[in-house]
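I am opening this notebook to keep track of what I looked up, entry by entry. The structure comes next.

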Amino acid sequence: MLIAMTTGSGHQSPGLWRHPEDESHRFNDIDHWIELAQLLESAKFHGIFIADVLGTSPSLFPTRPLKTPELTAVGGYDVYKGPRNLSPAITSGAQWPVNEPLAVVPAMAAATKNIGFGVTVTTTYEQPYHLARRLSTVDHLTKGRIGWNIVTGYLDSAARNLGHAEQPLHDDRYAVAEEYIKVTYKLWESSWRDDAVLLDRQKGIYTDPSRVREINHVGKYFNVPGPHICQPSPQRTPVILQAGTSKAGKQFAAQHAEAIFVAGHSPSIVAKNIAEIRALAASEYGRDPASIKFLALLCPVLGKTEEEAREKFEYYRSLGSIDGALALFGGWTGIDISVYGEDEELRLVPSNAIRSAVEGWSKATPEVPKWTKTTVGQHITVGGLGATPVGTAAQVADEMERWVREADVDGFNLAYAIKPGSFKDIIDLLIPELRSRGLFWDDYAVPKGTYRENLYGKAGQKGPPQDHPAAKYRWHAGVANHEIPE
């Protein structure tokens with residue numbers, strides 16, 4: 001299981017920073033992140049996933065309508081009550097403000113020994129040579145506990161701030177990402193031989209230059225001669241995470257992803273995508289489909305009794321920001337829902353994206369009699385796009401088992417309502433129940449191991465498995481003439 005968050009004032013539950021016990025406002029304090037990492041490692045969580053506003057990929061809405069490009073630069077979720085209106089996000093703290101996520105990881109790693117760290121970085125705005133260096137550096141500093149959530153970006157506001165008039169088209173972004181990741185594989189796996197660093201003090205040879213080489217990549221989008229400037233890190237290639245479920249996203253995930261984030265309010269919404277990606281991985285890329293870990297977004301609200309959990313949930317909802325929720329919805333879909341009337345039934349509007357989302361929510365929450373923009377906002381305020389089971393530990397564990405059974409997920413990416421209160425409820429109430437059912441480990445499979453070793457539960461699995469495309473790029477020790485794949 002992973003814990004999902006951003007380095008900002010909130011993640012999937014906008015407005016909950018108002019809760020008297022919430023500490024999200026401490027995100028600028030490094031002690032906050034150290035305390036969280038230590039708390040979560042004490043409970044044996046697999047990892048901490050840190051999303052990012054510049055690139056977090058929404059898996060429920062894989063495509064967005066085209067918009068007229070405008071050159072005025074803003075950032076964040078600026079679609080709702082638009083155009084380019086940041087006020088709802090700024091006022092409500094809907095993933096605003098938010099810091100750069102990779103910066104906090106080394107401090108958390110220094111205070112822990114086992115927990116992994118997945119970080120979102122987009123392929124659309126940063127050169128692969130630079131990102132490969134940053135991720136290698138952090139993989140060294142964490143002793144091999146970094147994962148890369150590869151996204152292609154989806155906010156036009158981010159595009160404008162980074163020198164573009166608008167986002168490249170969806171499938172074009174994935175074409176860039178496909179070449180991008182191959183460049184990083186070449187830098188991480190093919191530029192240095194495993195045994196290149198000698199540290200021979202007698203001969204004065206730090207690195208054998210015959211075991212370091214240029215990659216000389218020449219492609220449609222990137223020309224990268226190399227060599228990689230960092231020596232091989234513990235994992236070389238970080239754990240590859242991904243979240244897109246469009247047609248292009250599924251192809252990318254089936255080929256490259258080791259863990260995939262999925263989101264929906266019921267197992268039926270994500271089951272088809274999971275089955276398609278597993279089938280593609282096996283048939284088109286020769287990968288073991290069972291080795292790909294699917295993690296469903298879940299925001300459990302727990303109590304010692306069902307009544308206590310329900311009261312807690314209603315209190316959370318009373319604090320949640322409807323405007324903030326609809327600002328997030330606008331960023332995720334590209335649709336300004338403010339144009340619809342207060343009582344307008346959203347099942348009847350022209351937008352396919354809205355209708356499909358509402359249909360999914362109505363199946364998971366049949367008690368809602370009419371879906372308007374207000375009820376949509378209320379629904380998003382606690383848990384965002386993911387499911388929000390409310391109840392005792394036994395009831396939530398039953399729901400998690402249903403997701404595993406019906407959707408074929410391997411685990412969960414747990415969001416929070418309040419921080420760290422939601423985590424403490426999970427640790428004190430839910431994890432003991434999961435352990436009693438044999439559904440959660442008692443300790444890390446590989447103590448002080450890399451993120452990948454604990455993801456697969458296999459000591460020695462520091463690099464990608466042999467059926468992963470990155471493995472063919474590895475320049476192994478003792479191999480004189482390894483050819484760099486294209």
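I began with the cysteines and noted that Cys230 is buried, with a relative accessible area of 11%, where buried means under 20%, exposed over 50% and partly exposed in between, with a 1.4 Å probe and protein chains only. Cys299 also counts as buried, at 1% relative accessibility. Searching the whole structure for disulfides, each a pair of cysteine sulfur atoms within 2.5 Å, I found zero.

On sources, I noted that this is a predicted model, in which local features need pLDDT of at least 70 and side-chain atom pairs count only at pLDDT 80 or more, while totals for chains, interfaces and linings use all residues. Residues are numbered from 1 along each chain as its sequence is written, and side-chain values use heavy atoms, with hydrogens and water left out.

Next I looked up Ile335, which lies in the loop between helix H10 (322-333) and helix H11 (352-364); helices are DSSP runs of H or I with at least four residues, numbered from the N terminus. Ile335 is buried, with a relative accessible area of 12%. Its C-alpha atom is separated by 9.9 Å from that of Lys81, 254 residues apart along the chain.

Note on methods: Helices (H or I, at least four residues) and strands (E, at least two) are DSSP runs, numbered from the N terminus.
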